Amino acid sequence: MQRFYGFARAKLILNLSLVSLVGSFSWSISWSSWSMAQQSPNPPNYMLLMTPALVFGGQVTGVLEAGDGQNFKDASYLDIWHFMAEAGYAIDLRVRANFDSFLSLYAPDGSLLSLNDDFEDGINASIISSLPQSGRYMVVVSGLSQFDQGPYAISADLVSLNDGGVLSIPSKSYGRINAEDSQDTARGLFYDAYQFNLTHDQVIAFDLWSRDLEGRLLLFHQSELILDHDDIGQQLIESLKAGDYEIWVAASNKNKYSRQDEGIYYLLSEALELAFPSSLEVGTSFFSLLETRDREMNGRYSDVFLLELSEKKRLIIRATSSTFDSYLYLYNQDGNLVAENDDSLESTNAELILELNPGQYTVVLSSYGDIATGLYQLSVVEY
């Protein structure tokens, strides 16, 4: 429940009016087609002036509880927030709660812009939407039923939408793909192109997120395509040489866009530090390189790490790489092979899941088959 200092009567009127304000048009959405067709929206209610405001770049909190307004469709409790914005910007909204939260966004004219139920962990909600009008927007936080109650937090960021340009590293760049963007007819793509320059060799991670489109990242070095990454949801992590690069955020022209015929996205970029330890600690995770200067074991380049345990532990030792087929070996202090693994979960990554007694062990990371080099991530965690 939001706190309306000195506005108890206004809160009561707001709760009663919300049934008509939200219930009259927010649930006419076709879930199968995600159509945003709705009844004629109600005009903006002057009582929204009394609702609390979201804080851009920060977080506000509230509590859904009995006594809040309820939606007559499912009896879920709800709170209303608002923010002011100019047309042309976008809003990034996220709700964190320990109940199954639901998030709805309404334009100044009362029309429904976007809604979301599950994001990431299946109970939190998130919306990233462009803002087509200038004025006061309404954000409704609710649950899926009257049993969804408790504290929640909303974070809000008002952002500009890019159509490509110079990419800073690190950065979080918001943009949108639509039919007005650059088009690669040979590949059947609309795309935004970002340019960046590396003054020295670095390991760069890119992460693309969008709820509206099935995105794709294409990386070019001096106009030559070197990577085509369509496994969105998995970071693109590469060791790159110094030079000029261009990365496309792209979507197929056969893609079904959202109601506004566009796909909103954000692109995260960051430089990763490489580590070259000689020993491993439980709970550690790092990126490193398998190189030609590494020692050779069984005819393959290998990195060797000492693992020392003072007590019995159950561990997961995992090696992942997008550049070579990783292989893990574990030896005891007498040099005897304890365990090995090539492909974990039908992938080219390697994983050892075992219970180890106190003592000294040697972990060897190598490749399967041909001699290979490249970037990898190694982690050691308890389970």
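The side chains of Lys-241 and Asp-201 meet in a salt bridge, with N and O 3.8 Å apart. Lys-241 sits in the loop between β17 (236-240) and β18 (243-252), and Asp-201 sits in the loop between β13 (189-198) and β14 (202-209), so the pair ties together parts that are 40 residues apart in sequence. Lys-241 is exposed, at 56% relative accessibility. Asp-201 is partly exposed, at 47%. Keep in mind that this is a predicted model.

Now step back to the whole chain. The protein chain has one helix and 29 strands. It holds 383 residues, and 50% of them count as buried. Its accessible surface comes to about 18,400 Å². Carbon and sulfur atoms account for 47% of that surface. Next, look at who touches whom. Take the contacts in the chain with a separation of 6 or more: 74% of them are between residues 24 or more positions apart.

Strand β27 gives an example. This strand covers residues 350-356, and Ala-350 is found in it. Is Ala-350 buried or exposed? Its relative accessibility is 0%, so Ala-350 counts as buried. Leave out residues up to four places away in sequence, and Ala-350 still touches a list of others. Among them are Ile-317, Arg-318, Ala-319, Tyr-327 and Asn-341. Ile-317 is 33 residues from Ala-350 in sequence. In space, the two C-alpha atoms are 8.3 Å apart.

Move to strand β8, residues 135-143, where Ser-142 is found. Its relative accessibility is 3%, so Ser-142 counts as buried. Which residues does Ser-142 touch, not counting those up to four places away in sequence? They are Leu-64, Ser-76, Tyr-77, Leu-78, Phe-99, Asp-100, Ser-101 and Phe-102.

Back to charged side chains. How many salt bridges does a search of the whole structure find? The search finds nine. One of them joins Asp-92 and Arg-94, whose closest N and O atoms are 3.6 Å apart. Are these two residues buried or exposed? Asp-92 has a relative accessibility of 3%, so it counts as buried. Arg-94 has a relative accessible area of 12%, so Arg-94 is buried as well. Lys-172 joins in too: Asp-92, Arg-94 and Lys-172 are linked in a network of salt bridges.

Another salt bridge pairs the side chains of Glu-311 and Lys-313, at 3.4 Å from N to O. Here the two partners fall on either side of a cut-off. Buried means under 20% relative accessible area. Lys-313 is at 15%, so Lys-313 counts as buried. Glu-311 has 44%, so Glu-311 is partly exposed.

Finally, turn to the backbone. Most residues other than glycine have a negative phi, and most peptide bonds are trans. Where does this chain depart from that pattern? Start with Gln-222, which has a positive phi of about 50 degrees although it is not a glycine. Gln-222 lies in the loop between β15 (216-221) and β16 (224-229). It is exposed, with a relative accessible area of 61%. Ser-223 lies in the loop between β15 and β16 too. Its phi is also positive, near 70 degrees. Ser-223 is exposed, at 72%.

The last stop is a peptide bond. Ile-169 and Pro-170 are joined by a cis peptide bond, with omega about 5 degrees. Pro-170 has its place in the loop between β10 (165-166) and β11 (171-177).

Methods: Residues are numbered from 1 along each chain as its sequence is written. This is a predicted model: local features need pLDDT of at least 70, side-chain atom pairs count only at pLDDT 80 or more; totals for chains, interfaces and linings use all residues. Side-chain values use heavy atoms; hydrogens and water are left out. Helices (H or I, at least four residues) and strands (E, at least two) are DSSP runs, numbered from the N terminus. Buried means under 20% relative accessible area, exposed over 50%, partly exposed in between (1.4 Å probe, protein chains only). Contact means heavy atoms within 4.5 Å. Accessible areas come from the Shrake-Rupley method with a 1.4 Å probe; for residues, only the protein chains shown count as cover. A salt bridge is a side-chain nitrogen of Lys or Arg within 4 Å of a carboxyl oxygen of Asp or Glu.
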